[in-house]
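Try each task yourself before you read the solution.

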Amino acid sequence: MKLIRWAAGLLAAALMAGAAHAAPVTVFAAASLKNALDEVGAEYEKAGGAARFSYAASSAIARQIEQGAPADVYVSADSHWMNYLAERKLIIAATRRDLLTNRLALIAPADSKVALKVGKGMPLAKTLGPGRLAVAGPDVPAGKYARASLTALGVWDGVSGKLVQAENVRAALQFVARGEAPLGIVYDTDAKVEPKVRIVGLFPDGTHPKIVYPAAVVASSKNADAAKFLAFMSTPEAAAVFRKYGFTVLPGR
């Protein structure tokens with residue numbers, strides 16, 4: 001514990017020393033991280049650093065990096081899109097680390113009376129009635145996790161024609177929050193930051209690949225502070241913020 005505090009103090013001192021002249025670290029991150037990372041960024045600023053964030057679907061920002069967008073750090077909501085960049089040598093492989101995990105949730109508008117137990121053969125299509133199920137698109141991690149779970153539970157065929165697909169998980173969340181969809185599938189952490197929805201149930205972890213958030217420094221980054229921000233996301237201060245928003249923090253390497 002003393003060693004962790006010493007390392008955190010050393011990192012803070014280094015940040016303070018270089019902050020006056022350093023350009024902000026540009027972080028491209030999965031949309032589901034917005035609330036938590038905004039607060040982590042504020043903590044980083046208190047420690048003397050500076051960061052700015054761009055949020056979208058992991059797939060979208062990975063392709064932006066591939067096309068030359070000026071990012072310093074990439075944080076994905078699954079391993080696939082991090083692997084996609086790694087295979088193209090667009091991240092610094094030695095900096096890659098898995099930061100967080102999450103849960104997948106079935107949600108409804110806050111005033112909805114829907115009651116449904118998430119499980120094998122659940123009557124999801126019947127519960128939807130004429131309405132649609134809000135999910136992230138098929139290339140988006142949350143959308144892929146949703147399809148995997150629905151398939152494992154034996155209900156995909158019944159609802160695959162009743163989807164409204166959003167560009168990212170936060171957009172899917174808003175379909176339900178606005179009452180435009182009676183049900184949706186998002187991350188547990190998304191539902192917890194939106195008062196206009198409620199969680200109907202959580203999907204069993206074994207029904208989809210493990211939800212993991214990997215992060216890495218982008219290979220084209222010229223910002224010397226990129227590695228510092230990446231390290232800051234593993235400090236006790238950042239971990240406390242992530243836990244506050246419902247993420248499970250993975251142990252450091």
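**Exercise 1.** Is Lys 34 buried, partly exposed or exposed?

*Solution.* Start with the cut-offs: buried means under 20% relative accessible area, exposed means over 50%, and partly exposed is in between (1.4 Å probe, protein chains only). Lys 34 has 37% relative accessibility, so it counts as partly exposed.

Before you go on, a quick note on the model: it is predicted, so local features need pLDDT of at least 70 and side-chain atom pairs count only at pLDDT 80 or more, while totals for chains, interfaces and linings use all residues. Residues are numbered from 1 along each chain as its sequence is written, and side-chain values use heavy atoms, with hydrogens and water left out.

**Exercise 2.** Find what the side chain of Lys 34 pairs with, and say where the two residues sit.

*Solution.* First, the rule: a salt bridge is a side-chain nitrogen of Lys or Arg within 4 Å of a carboxyl oxygen of Asp or Glu. Next, the partner: Lys 34 meets Asp 38 in a salt bridge, 2.8 Å from N to O. Then the place: both lie in helix 2 (residues 34-46), 4 residues apart, about one turn of the helix. Helices here are DSSP runs (H or I, at least four residues), as are strands (E, at least two), numbered from the N terminus. Last, Asp 38 is partly exposed too, at 31% relative accessible area.

**Exercise 3.** Which parts of the chain does the salt bridge between Asp 139 and Arg 63 tie together?

*Solution.* Check the distance: the closest N and O atoms of Asp 139 and Arg 63 are 3.4 Å apart. Now locate the ends: Asp 139 lies in the loop between strand 6 (133-136) and helix 6 (141-152), and Arg 63 in helix 3 (residues 58-66), so the pair ties together parts 76 residues apart in sequence. Asp 139 is partly exposed at 39%, and Arg 63 is partly exposed at 32%.

**Exercise 4.** How many salt bridges does a search of the whole structure find?

*Solution.* The search turns up 12. Glu 66, Glu 87 and Arg 88 are linked in a network of salt bridges.
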